[in-house]
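I opened the notebook to look up how the aromatic side chains pair up. The entries follow in the order I made them.

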Amino acid sequence: MWQVYLKELTELMRDRKTLIFVILLPIFIFPVIFGIMGLVLSSTTAKAMQEQHKYVIVNGEQAPEFAEALFYHKNFKKVETDLKDPAELIAAIRAGDFAVAVVIPDDFKDKQHAVEQSQWQLIYNQSSQLDFMSRYFNELLENYTGQLQRQSLSALGVDPVKLTAILKPVSVEKVDTAAKRENLGEKFGALIAYILIPLCLLGASYPAIDMGAGEKERGTLETLLICPVSRSAIVLGKFLTVLSTGLAGALITVASFGIWGAVIGSFAGFAVVQEAMGAISAPELLMIFLMIVPTSAIFASLLLAIAVWANPEAHYANKRYLHSRLKPSV
């Protein structure tokens with residue numbers, strides 16, 4: 001068994017494709033891909049935060065303080081329109097005339113004096129995943145409603161100093177008993193598991209294909225079967241080889257992410273990355289390794305069984321048949 005294992009492992013280490021899948025991809029390509037994804041996401045988020053939205057406000061004279069705050073906000077640009085009907089405003093937004101419409105009821109001041117609730121309308125396209133426009137509007141509206149609350153309570157003779165206690169009679173202070181390591185483990189623990197499982201599958205896929213269907217295609221499997229080695233030893237040797245490559249690919253990828261994360265955190269000053277790297281100790285790394293061993297064993301056995309069962313000769317025969325049918329006649 002060990003002779004088969006060393007023989008298969010030596011042949012895999014001489015194969016460039018194996019080195020690419022097991023070593024080159026985890027060390028360089030995966031971090032680069034995730035880094036590009038992070039840069040694109042951060043760039044998209046920054047662009048969405050700095051975007052200026054064209055807006056119209058209907059009956060803005062009913063709430064002049066809010067209309068003024070909206071006008072001077074850096075992310076909003078006012079445009080003029082004569083449209084007031086919600087259906088017409090929706091059609092104009094779909095046509096791209098402006099991005100958002102704020103509809104204030106024409107009896108807002110009357111309801112405010114009568115201490116009645118008024119319903120405003122915010123009309124915009126809510127399909128965007130980065131909905132910063134709604135966040136900005138809610139911040140402005142919260143400040144404005146707080147101002148109205150203070151004015152109404154002052155008109156009723158309520159002391160403004162006691163306003164906070166009246167509006168929010170109970171204030172809760174959260175005291176966290178969890179350590180930083182526990183918080184980081186709760187946040188990143190599930191993510192690490194979801195990353196390791198496909199990495200084990202990816203690291204074991206190509207060696208299993210090469211030692212199963214690849215050897216059947218090259219005709220070297222028959223040579224191995226006539227050697228004075230039991231078939232159980234051959235299967236176990238190939239299984240251990242696929243298991244080793246799957247574990248190696250997963251561990252190299254995790255180590256690569258850790259090293260690149262520590263380097264980026266030290267240069268860019270990301271305190272969260274540095275804390276996450278410092279919170280993982282050697283016993284925890286050993287536990288992670290023990291966790292992925294049975295997962296890699298399952299993947300290795302399934303992939304090796306599928307690869308040995310595959311029939312590459314039929315595949316290439318079908319290709320030759322299709323090529324002969326599609327080849328133009330002379």
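**Aromatic pairs**

I looked up Phe132 first: its relative accessibility is 7%, so Phe132 counts as buried. The model is a predicted one, and I read every value with that in mind.

I then checked Tyr136, which is buried as well, at 9% relative accessibility. Both Phe132 and Tyr136 sit in helix H6, four residues apart, or about one turn of the helix.

Next I searched the whole structure for aromatic pairs and got eight. Phe66 with Tyr144 is one of the pairs, with 5.7 Å centre to centre and 55° between the planes, and is classed as tilted.

Are Phe66 and Tyr144 buried or exposed? I found Phe66 buried, at a relative accessible area of 1%. Tyr144 is buried too, with a relative accessible area of 5%.

I went back to Phe132 and Tyr136 for their ring geometry: they form an aromatic pair with 6.4 Å centre to centre and 25° between the planes. This pair counts as stacked because planes under 30 degrees apart are put in that class.

Which residues do ring pairs link into a cluster? I listed Phe66, Phe108, Trp120, Phe137 and Tyr144.

Definitions and conventions
Residues are numbered from 1 along each chain as its sequence is written. This is a predicted model: local features need pLDDT of at least 70, side-chain atom pairs count only at pLDDT 80 or more; totals for chains, interfaces and linings use all residues. Side-chain values use heavy atoms; hydrogens and water are left out. Rings of Phe, Tyr and Trp (its six-membered ring) pair if their centres lie within 6.5 Å; planes under 30 degrees apart count as stacked, over 60 as edge-to-face and the rest as tilted. Buried means under 20% relative accessible area, exposed over 50%, partly exposed in between (1.4 Å probe, protein chains only). Helices (H or I, at least four residues) and strands (E, at least two) are DSSP runs, numbered from the N terminus.
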